[in-house]
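Here's a walk through the fold below, helix by helix. Have a look at the model, then read on.

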Amino acid sequence: MKFTIDVLGVFLKVVIKINKAIFAPLLVSTLFILLTSLLAHCARRLVQKSIKESLARTLLEEAIAAAELCGCCFELIIVAENFGVGTYAIFLFALSIWWSMNWGDATACPYTHLEEVIEGKGDVRKALLKTWAELTGGLLIFKYVQMYWALEISDTHKDKAFEDCRADLQVPVLYGAVIEGIATCLCRLASKALGDLNPRFATAIDAFIGTSLVVAGVLARHTVFVYRYEDTNASTDLSVSIFCKVHLGKAFEYSGGYFNPVLATSLKAGCEGHTLLEHAVVYWIGACAGSALSVYAYKLPAIQKLVRGTSEVNGDSIWADKED
């Protein structure tokens, strides 16, 4: 505890000094994310050294991972709002690699435990306990974030600590659930393929895919697709004209793209715009259904052929068992 307080004190002194000197709100956010990751790393090492009982250690590691994930993502919202989607994507990509390298067996994501149950690799009791631990870590971390935001070290944090939040769901509940489910399914299929193929830079590839799915909708927000067809053949008495205009931004701006029930609950549960039941349908049932679907879809012959066929590509290869 004393170590944590000392680290926080030094951190605040550094941040305040830098912020007053060069007015760098992005650096304030960066240092907060680094501090959060450092504290989580220290807590994880402490648990690994002091807790001998396997299940208790696993639950604490899941809670720490979920707290780190949600704490960093709270600040990533600030980054996205003030410094653009490109900056947000860079931060998320780097953090995804960091999490993959440091979390060990922890996932901070409930549907991975559901997949283990479906595949016969885990039991329901442990899956529920892990989910409870993740929810606990994800919900408790907001007090830590709120304490930091309340200091208003940067203008980007002004009035954020006690601001009323709004839900990201912009479409009917079932529609949002389908989108969360499909995106989660695609993400899990990619992860399973990378796990089996074990390519070189697998961690970076997986992080890139996850980041791309999250930011794709935002990047296409103002994109408009226009299709026009007109047939005015002089030899006929009938002319045909078709005009189609689709706002891709509206098509993508569905649910916020969390693809993780604990993350969505930590950041958006209870926010104005949907009820808790609607939140559960979209972010829990939708995502978990997509994850479960990926387990069965990955076993389909067409998917297996596609995955196994990739490993036969020659030439410069990113796969671990190929020589460049």
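Predicted model: local features only at pLDDT ≥ 70, side-chain atom pairs only at ≥ 80, totals over all residues.

Start with H9: the buried residues of this helix pack against H3, H4, H5 and H10. Numbering runs from 1 along each chain as its sequence is written, and side-chain values use heavy atoms, with hydrogens and water left out.

A few terms before going further. Buried means under 20% relative accessible area, exposed means over 50%, and partly exposed is in between (1.4 Å probe, protein chains only). Contact means heavy atoms within 4.5 Å. Helices (H or I, at least four residues) and strands (E, at least two) are DSSP runs, numbered from the N terminus.

**H9 and the overall picture**

H9 is mostly covered, with eight of its eight residues buried. They are Pro 261, Val 262, Leu 263, Ala 264, Thr 265, Ser 266, Leu 267 and Lys 268.

Zooming out, the protein chain has 11 helices and two strands, and in sequence order they read α-α-α-α-α-α-α-β-β-α-α-α-α. Of its 324 residues, 42% count as buried. Among contacts with a separation of 6 or more, 72% come from residues 24 or more positions apart.

**The cores**

A nonpolar core here is a set of buried Ala, Val, Leu, Ile, Met, Phe, Trp, Tyr and Cys residues joined through side-chain atoms within 4.5 Å. The largest one has 40 residues, and Leu 76 and Trp 99 touch the most other members. At least two residues each come from H2 (25–50), H3 (54–102), H5 (124–151), H9 (261–268) and H10 (276–297). H3 gives the most, with 15 residues.

Which residues does Trp 99 contact, leaving aside its neighbours within four places in sequence? Glu 68, Leu 69, Cys 72, Cys 73 and Leu 92. There's also a second, separate core of seven residues, including Cys 185, Leu 197, Ala 297 and Val 307.

**H4 and its partners**

Two packed helices are described by the angle between their axes and the distance between the axes. The axes are lines fitted to C-alpha atoms, for helices over the stretch in contact, and angles run from 0 to 180 degrees between N-to-C directions. Here's how H4 (residues 110–118) sits against two other helices.

| Pair | Axis angle | Axis distance |
|---|---|---|
| H4 and H10 | roughly 40° | within 9 Å |
| H4 and H6 (residues 173–197) | about 65° | 13 Å |

Angles under 35 degrees count as roughly parallel, over 145 as roughly antiparallel, 65 to 115 as roughly perpendicular and the rest as oblique; H4 and H10 are therefore oblique to each other. Their crossing is right-handed, meaning that the near helix is turned clockwise from the far one by less than a right angle. H4 passes H6 in a right-handed crossing too.

On the H4 side, the contact with H10 is made by Pro 110, Tyr 111, Leu 114, Glu 115 and Ile 118, while H10 brings Trp 284, Ala 287, Cys 288, Ser 291, Ala 292, Ser 294, Val 295 and Tyr 296. By class, that's 10 nonpolar, two polar and one charged residues. For these classes, Ala, Val, Leu, Ile, Met, Phe, Trp, Tyr, Cys and Pro count as nonpolar, Asp, Glu, Lys and Arg as charged, and the others, Gly among them, as polar.

Against H6, Tyr 111, Thr 112 and Glu 115 of H4 meet Thr 184, Arg 188 and Lys 192. That contact divides into one nonpolar, two polar and three charged residues.

The buried residues of H4 are Pro 110, Tyr 111, Thr 112, His 113 and Glu 115, and what covers them includes H3, H5, H6, H9 and H10. Glu 116, also in H4, is partly exposed, with a relative accessible area of 31%. Beyond its neighbours within four places in sequence, Glu 116 contacts Lys 121, Gly 122 and Lys 130. Just after H4, Gly 120 takes a positive phi of about 80°.

**A look at Phe 83**

Phe 83 lies in H3 and is partly exposed, at 26% relative accessible area. Not counting residues up to four places away in sequence, Phe 83 touches Pro 25, Leu 26, Ile 78 and Thr 156. Phe 83 and Leu 26 are 57 residues apart along the chain, with their C-alpha atoms separated by 7.6 Å.
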